[in-house]
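Reader: I am new to reading protein structures, and I would like to walk through one with you. Could we look at it together?

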Amino acid sequence: MAAARHTQHTRDRVLDAAEGLFFRDGIAVTGVDAVAAAAGVAVATLYKHVGSKDGLLHAVLRRRLDAWLEHWDAAVARAGTPRDRLLAVFDAVATFRAASGPTQWCCFLATASERPVPAEPGTDPVLELVRQDTRLVTDRLVALAADAGHADPAATADALLLLYNGVLASLLRGTPADPVALARRTAAALLAAHA
């Protein structure tokens, strides 16, 4: 039992260090030596836990996706109406940003921007995880829009995705001052106009 806790603690330290370095300094420029040093482990220990730099990035993104979903699930659970459940994506962004450490922006968008598209689709597990995140957000917004009674749930989801992606870019740029609240208000007005 103690060995399992130690192993998990070591893995968490490695993932914490990688997440901080990858999304503060950049994925491409961050070597596994720097991650191992920041985590206080040997490079061999890092490889034992994640297998490769791509395995490390995949593990960081998987953990981040799981944490994001917990925040979104909690925001949906707190919402009192179907409309509020649809808008909960913005509430989740706010709580997720507050709980996660300092990073430049959305780790999935950062990864997509740094990663070349492979010649053969489906051959890059990291990009497949990025696509999974995109599908998950899209599918969930479509389902929530349908639950809220929107005549065209896919169009509603597309509009909210545009605002959601704008929030993520605005957080990187640092303007406007509170892009999450502005996007939520804009989304609420858009939903009210098309109710």
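Author: Gladly! Keep in mind that this is a predicted model. Ask away.

Reader: How are H5 and H8 oriented to each other, roughly parallel or roughly antiparallel?

Author: Look at the axes of these two helices, which come within 10 Å and cross at roughly 15°. Angles under 35 degrees count as roughly parallel. H5 and H8 are therefore roughly parallel.

Reader: Which residues of H8 make the contact with H5?

Author: The crossing of H5 past H8 is right-handed. On the H5 side, the contact is made by Leu86, Val89, Phe90, Val93 and Arg97. By class, the residues of this contact are nine nonpolar, one polar and one charged. The H8 side consists of Thr156, Leu160, Leu163, Tyr164, Val167 and Leu171.

Reader: How many residues in the contact of H7 with H8 are charged?

Author: H7 passes H8 in a right-handed crossing. From H7 come Val137, Thr138, Leu141, Val142, Ala145 and Ala146, which meet Pro153, Ala154, Thr156, Ala157, Leu160, Leu161 and Tyr164 in H8. Sorted by class, these residues give 11 nonpolar, two polar and no charged.

Reader: Which helix gives the most residues to the lining of the largest pocket?

Author: The largest pocket holds about 170 Å³ of space. It has 13 lining residues, and the closest to its centre are Leu109, Asp133, Thr134, Tyr164 and Asn165. Helices H6 (107–114), H7 (125–147) and H8 (153–173) each give two or more residues to this lining. The one that gives the most, with five residues, is H7.

Reader: How many residues in the lining of the largest pocket are nonpolar?

Author: Sort the lining into classes: three residues are polar and one is charged. The nonpolar count for this lining is nine.

Reader: And which elements give two or more residues to the lining of the largest cavity?

Author: A search of the whole structure finds one cavity of 30 Å³ or more, and about 170 Å³ of space lies in the largest cavity. Among its 14 lining residues, Trp68, Phe96, Cys106, Tyr164 and Leu168 lie nearest the centre. The elements you asked for are helix H4 (53–78), helix H5 (82–99), H6 and H8.

Reader: How many residues in the lining of the largest cavity are charged?

Author: Use the classes again here. This lining has 11 nonpolar residues and no polar ones. The charged count is three.

Reader: Last one: which peptide bond is cis, and where is Pro176 found?

Author: Check the omega angle of the bond from Thr175 to Pro176, which is near -5°. That bond, Thr175 to Pro176, is cis. As for its place in the chain, Pro176 is found in the loop between H8 and helix H9 (179–193).

Notes:
Residues numbered from 1 in each chain as written. Predicted model: local features only at pLDDT ≥ 70, side-chain atom pairs only at ≥ 80, totals over all residues. Heavy atoms only, no water. 1 Å grid on protein atoms, 1.4 Å probe; cavity = no way out; pocket = protein on both sides within 12 Å on 5 of 7 lines; lining within 4 Å. Points joined across faces, edges and corners; volume = space filled by probe spheres on them. Helix = DSSP H or I, 4+ residues; strand = E, 2+ residues; numbered from the N terminus. Nonpolar A, V, L, I, M, F, W, Y, C, P; charged D, E, K, R; others polar. Axes fitted to C-alpha atoms, helices over the stretch in contact; angles between N-to-C directions. Parallel < 35°, antiparallel > 145°, perpendicular 65-115°, else oblique. Left-handed = near helix turned anticlockwise from the far one by under 90°. Contact = heavy atoms within 4.5 Å.
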